[in-house]
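Okay, everyone, thanks for coming. Have the sequence and the model open while I talk, and let's walk through it together.

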Amino acid sequence: MSQRTPYQGKSRVWGEFRCTECSHYWASGNSWANCGQKCKTCDIMVYPFHQRPLDKPGSDDENYDSGAPHRSDLCEKCKQLGRNCRGGW
Ligand SMILES: [Zn+2]
Ligand SMILES: [Zn+2]
């Protein structure tokens, strides 16, 4: 698999994204190696320009997601897995 993301490990990480079309910025606690998320405005796949490990896997999810549900329809990892990549579903 080609390396599309800075992070190349197997864990879920924190990722920051910026759409190349509309410059929309977002961050997600559901970022994975070589997986992008779609810009909800442009409907194009965007790969994270910055990734870092989740500090405390599990316990920080609520903070990272800040009340917004994970958008499986925009997430490449969810499509690869065929389910929500946060697990527990
Ligand atoms: Zn966009
Ligand atoms: Zn996902």
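So, to start: does Asp 43 count as buried, partly exposed or exposed? Asp 43 counts as exposed, because it has 9 C-beta neighbours inside 10 Å. The cut-offs are these: a residue is buried if 20 or more other C-beta atoms lie within 10 Å of its own, exposed if 12 or fewer, and partly exposed in between, with C-beta atoms placed from the backbone.

A quick word on the ground rules. This is a predicted model, where local features need pLDDT of at least 70, side-chain atom pairs count only at pLDDT 80 or more, and totals for chains, interfaces and linings use all residues. Residues are numbered from 1 along each chain as its sequence is written, while chains are lettered from A and ligands numbered from 1 in the order in which they are written.

How much confidence goes with the model? The pLDDT, which is the predictor's confidence in each residue from 0 to 100, averages 86 over the chain, and 82% of the residues score at least 70. Where pLDDT is low, the predicted coordinates should not be read in detail.

Now the overall layout. The chain has 2 helices and 5 strands, and along the sequence the pattern reads β-β-β-β-β-α-α. Helices (H or I, at least four residues) and strands (E, at least two) are DSSP runs, numbered from the N terminus. Of the 89 residues, 24% count as buried.

Let's look at the sheet. Strands of a sheet pair through backbone hydrogen bonds, either parallel or antiparallel. Here, an open sheet of 3 strands has the order 2-1-5, with antiparallel pairing. Its edge strands are strand 2 and strand 5 (50-53), each pairing on one side only. From one strand to the next, the twist averages 20 degrees. For angles like that, axes are lines fitted to C-alpha atoms, for helices over the stretch in contact, and the values run from 0 to 180 degrees between N-to-C directions.

Two strands pair if DSSP finds at least two bridges between them. Strand 1 (residues 13-18) is joined to strand 2 by 5 bridges, and strand 1 pairs with strand 5 over 4 bridges. You can see both partners from Glu 16: it stands opposite Ala 27 in strand 2, and Glu 16 also stands opposite His 50 in strand 5. Gly 15, meanwhile, faces Ser 28 in strand 2. Strand 1 has a covered face with Val 13, Gly 15 and Phe 17, and an uncovered one with Trp 14, Glu 16 and Arg 18.

Strands 1 and 2 also form a hairpin with 6 residues between them, and Ser 23 in the turn has a positive phi of about 65 degrees. Most residues other than glycine have a negative phi, and most peptide bonds are trans. Back to Asp 43, then: it has a positive phi of about 60 degrees although it is not a glycine, and Asp 43 lies in the loop between strand 3 and strand 4 (45-46). Asn 34 has a positive phi too, near 60 degrees, and Asn 34 is found in the loop between strand 2 (25-31) and strand 3 (37-38). Asn 34 counts as partly exposed because it has 15 C-beta neighbours inside 10 Å.

In that loop between strand 2 and strand 3 you'll also find Trp 32. Why does Trp 32 count as buried? Because Trp 32 has 25 C-beta neighbours inside 10 Å. Not counting residues up to four places away in sequence, Trp 32 touches Arg 12, Lys 77 and Cys 85; two residues are in contact if their C-beta atoms, placed from the backbone, lie within 7 Å.

Last stop, the core. In soluble globular proteins, nonpolar side chains tend to be buried together. The largest nonpolar core here is made up of Tyr 7, Val 13, Trp 32, Ala 33 and Cys 35, 5 residues in all. A nonpolar core is a set of buried Ala, Val, Leu, Ile, Met, Phe, Trp, Tyr and Cys residues joined through C-beta atoms within 7 Å.
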